[in-house]
Amino acid sequence: MSSQISVRFLGAAQNVTGSSYLLEHQDRRVLVDCGLYQERKYRERNWAPFAVDPGSIDAVLLTHAHLDHCGLLPKLVREGFSGPIYCTPATAAITRIVLLDSARIQAEDAEYKRRRHEKEGRSGPYPEEPLYTEEDAERTLPLLRSVSYNAPVPVTGGITASFFEAGHILGSAMIRLEFEGGSGGRSSGERRSIVFSGDIGQWDKPIIEDPTVFTESDYVVMESTYGDRTHEDPGEVEDLVAEAVNTTHRAGGNLLIPSFALERTQEVLYHLNRLLQADRIPHLVVFVDSPMAISVTEVFKDHPELFDDAMQEQVQAGHSPFSFSGLQMTRSVEQSKAINQIRGTSIIIAGSGMCTGGRIKHHLVHNIYRKQSTILFVGYQAEGTLGRQILSGAREVRILGQSWRRNARIRRISGFSAHADQPALLRWLGGLQRPPRKLFLTHGEAEAIRVLAGKIEQEKGWKPLRPEYGQRFELD
Ligand SMILES: [Zn+2]
Ligand SMILES: [Zn+2]
């Protein structure tokens, strides 16, 4: 048997979600990420059996807590995986929240399907059973093992792993694995390394630190989400937030911000806090009306060591964006309902980010027909979602089973992004002092990967590989 190590691309290959890469060395197996597929056309892959017996995997390394990286862990555990799941402490804390929430959604989805099929008099086969249950998620959590940044841990069979700041979301990591290289069935004794970029953040993002740049690596697996795009200037974000707040305040309506619980909500709070400090907006009540966003914000508060300098200064000066005066965290349903009794202007941040569920729908019902109110979108709105419908200017929308006329003002800020754009991806790659033996582009639509590969070839003369789903490569 060859002593060579190989990598198999079990997800995020020519598409964005479902990140999962398997390293194999003789009978040793290490999985990097175990993500859920979120694109509609790949969703059935979530239900397919794993490519290898989960019981045969020695360890999982988790880059960060987004569902497309950690969302299939409870299924892996239910089907026999019982090894350690290494990740940073903040990732462990957020993964807890994310997996329990995901298990609840899986149960709701299955129940919804069951009822619909019952009504239609249909019978199987279809997935009425949830992908996994809260119990499966609960069984996954004790396997999470916290690892500090920049501290190598032995994983299995001579493979060590180190985690580095990725600058993407709180706790996010790039992972470097080191192992013994070899060829022709013999180990050469030479140390080799492979870097998994995970999701690469933008430089100068609020709150967290910048991505780590590597000066060398034998192999690199790199994300390509925005491989074909350049982001708008993020410097304008704060001005646009200020404009939305002030216009709405003058009109006497409410400002609704549909927002994702993880990172985006905290970034919105960061900007509101800075605008308040600078007296650029009036002192209004700000509601974070999402139990999940509140829990994630608690994790941020628990990890000030992960903040960048600007954020550290604010917190030390007593101006934390997570506890300014006027900020109210509404966990209970009663508190949430009470928001709509308030006269005058308030700022309401609520999930879900694309208005597909959650408390934002109730706030929309109370505000969408009012020309005084504003709906401010700060994240991507996928096709087919209520958020997309509102954003595209529909005059009439259905919310919670009723038709509503849209009179509220619509605003959108596109400068928020957790992902590096093409120039930032090239900047990250530019740290490498010599070409890697192999560079794999993953975590992007086929077109984004194609464009990025062309750009890299043109600028550096390297020939990046574009792995297909299930494809395997030897690392010699
Ligand atoms: Zn991510
Ligand atoms: Zn991702």
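This account describes a zinc site and the nonpolar cores of a predicted model. Local features require pLDDT of at least 70 and side-chain atom pairs count only at pLDDT 80 or more, whereas totals for chains, interfaces and linings use all residues. Residues are numbered from 1 along each chain as its sequence is written, and side-chain values use heavy atoms, without hydrogens and water.

The zinc ion (ligand 2) is held by Asp-68 (OD), His-69 (NE2), Asp-199 (OD) and His-443 (NE2), at 2.2 to 2.3 Å; donors are N, O and S atoms within 2.8 Å of the metal (3.2 Å for Na, K and Ca). Along the sequence these donor residues follow the spacing D-H-x129-D-x243-H. Asp-199 also bridges to the zinc ion (ligand 1), and the two ions lie 3.4 Å apart. His-69 belongs to helix H1 (residues 67-70), and Asp-199 to the loop between strand S10 (186-196) and strand S11 (219-223), so that the pair links parts of the chain 130 residues apart, where helices (H or I, at least four residues) and strands (E, at least two) are DSSP runs. His-69 and Asp-199 are both buried, that is, under 20% relative accessible area with a 1.4 Å probe, protein chains only.

A nonpolar core is a set of buried Ala, Val, Leu, Ile, Met, Phe, Trp, Tyr and Cys residues joined through side-chain atoms within 4.5 Å. The largest has 102 residues, of which Leu-61 and Leu-177 touch the most other members. Helix H3 (residues 89-119) supplies its largest share, eight residues. Apart from this core lies another of 23 residues, among them Met-174, Met-222, Ala-424 and Trp-428.

Note on methods: Chains lettered and ligands numbered in written order. Buried < 20%, exposed > 50% of the residue type's maximum accessible area, 1.4 Å probe, protein only.
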